[in-house]
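Q: I have a protein model open and would like to learn how to read it. Where should we begin?

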Amino acid sequence: MPEFDVFTGSVEGVNTAFVVPSLPDNASELVREGVARRRISMINAVCPCGGRRAPLNRAMRRRLKRGGAQEFAIADIAHEPDCPAVAPETVAHILGWRWAT
Ligand SMILES: [Zn+2]
């Protein structure tokens, strides 16, 4: 099973807890780089490839105003096609987490 790390920060002025995957010890360098880039881009909103986290949409902003810390969102990052974060090996590794027991 994957392990996760939690960091605190801010998204558009909203206090946020980022739950990001830990770097896998037993993965290839490409997969480790891909996971590292996903961690970086989720927390900093920018990936080294230039991909950026999508801004909060209007519905999410309204829910945050009403519900405060009760909201949950999955970051949408537009990585470049050659970024290790979206390499087939990285995606396969991440999809494998769903089926791990
Ligand atoms: Zn990227």
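A: We can begin with contacts. Residues 24 or more positions apart account for 49% of the contacts in the protein with a separation of 6 or more. Keep in mind that this is a predicted model.

Q: What is the mean pLDDT of the protein, and which element has the lowest value?

A: pLDDT is the predictor's confidence in each residue, from 0 to 100. The mean for the protein is 85, and 87% of its residues reach 70 or more. Among the elements, H1 has the highest mean pLDDT, 94, while H2 has the lowest, 76.

Q: How many helices and strands does the protein have, and which pattern do they follow?

A: There are three helices and two strands. Read along the sequence, the pattern is β-β-α-α-α.

Q: How do the two strands S1 and S2 run, parallel or antiparallel?

A: S1 and S2 run antiparallel, and eight bridges join them. You can follow individual pairs across the hairpin. Phe7 stands opposite Phe18 in S2, and the bridge partner of Thr8 in S2 is Ala17.

Q: What should I know about side chains along a strand?

A: In a regular strand the side chains alternate between the two faces of the sheet. S1 is hardly covered: among its eight residues, the count of buried residues is zero.

Q: How much of the protein is buried?

A: Buried residues make up 16% of the 101 residues. A residue is called buried if 20 or more other C-beta atoms lie within 10 Å of its own.

Q: Which residues of H1 are buried?

A: The buried residues of H1 are Val31, Gly34, Val35, Arg37, Arg38, Arg39, Ser41 and Met42. Notice that the list includes Arg37, Arg38 and Arg39.

Q: How can I check the span of helix H1 against its number of residues?

A: The expected span is 1.5 Å times one less than the number of residues. H1 covers residues 29-44, which is 16 residues, so it should span 22 Å. Its end C-alpha atoms are 22 Å apart, which agrees.

Q: Which residue takes a positive phi just after H1?

A: That residue is Ala45, with a phi of about 75°, although Ala45 is not a glycine. Ala45 lies in the loop between H1 and helix H2 (58-67). Ala45 counts as partly exposed because 17 other C-beta atoms lie within 10 Å.

Q: Where is Glu12 found, and what is its phi?

A: Glu12 is found in the loop between strand S1 (4-11) and strand S2 (14-21). The hairpin of S1 and S2 has two residues between the strands. Glu12 has a positive phi of about 50° although it is not a glycine.

Q: Is Ile77 buried or exposed?

A: Ile77 counts as buried, because it has 21 C-beta neighbours inside 10 Å. Ile77 lies in the loop between H2 and helix H3 (88-99).

Q: What does Ile77 touch, leaving out residues up to four places away in sequence?

A: Ile77 touches Ser41, Cys47, Gly51, Arg52 and Arg53. One of these, Ser41, is also among the buried residues of H1. As for distance, the C-alpha atoms of Ile77 and Met42 are separated by 7.6 Å, and the two residues are 35 residues apart along the chain.

How values were computed:
Residues are numbered from 1 along each chain as its sequence is written. This is a predicted model: local features need pLDDT of at least 70, side-chain atom pairs count only at pLDDT 80 or more; totals for chains, interfaces and linings use all residues. Helices (H or I, at least four residues) and strands (E, at least two) are DSSP runs, numbered from the N terminus. A residue is buried if 20 or more other C-beta atoms lie within 10 Å of its own, exposed if 12 or fewer, and partly exposed in between; C-beta atoms are placed from the backbone. Two residues are in contact if their C-beta atoms, placed from the backbone, lie within 7 Å. Two strands pair if DSSP finds at least two bridges between them.
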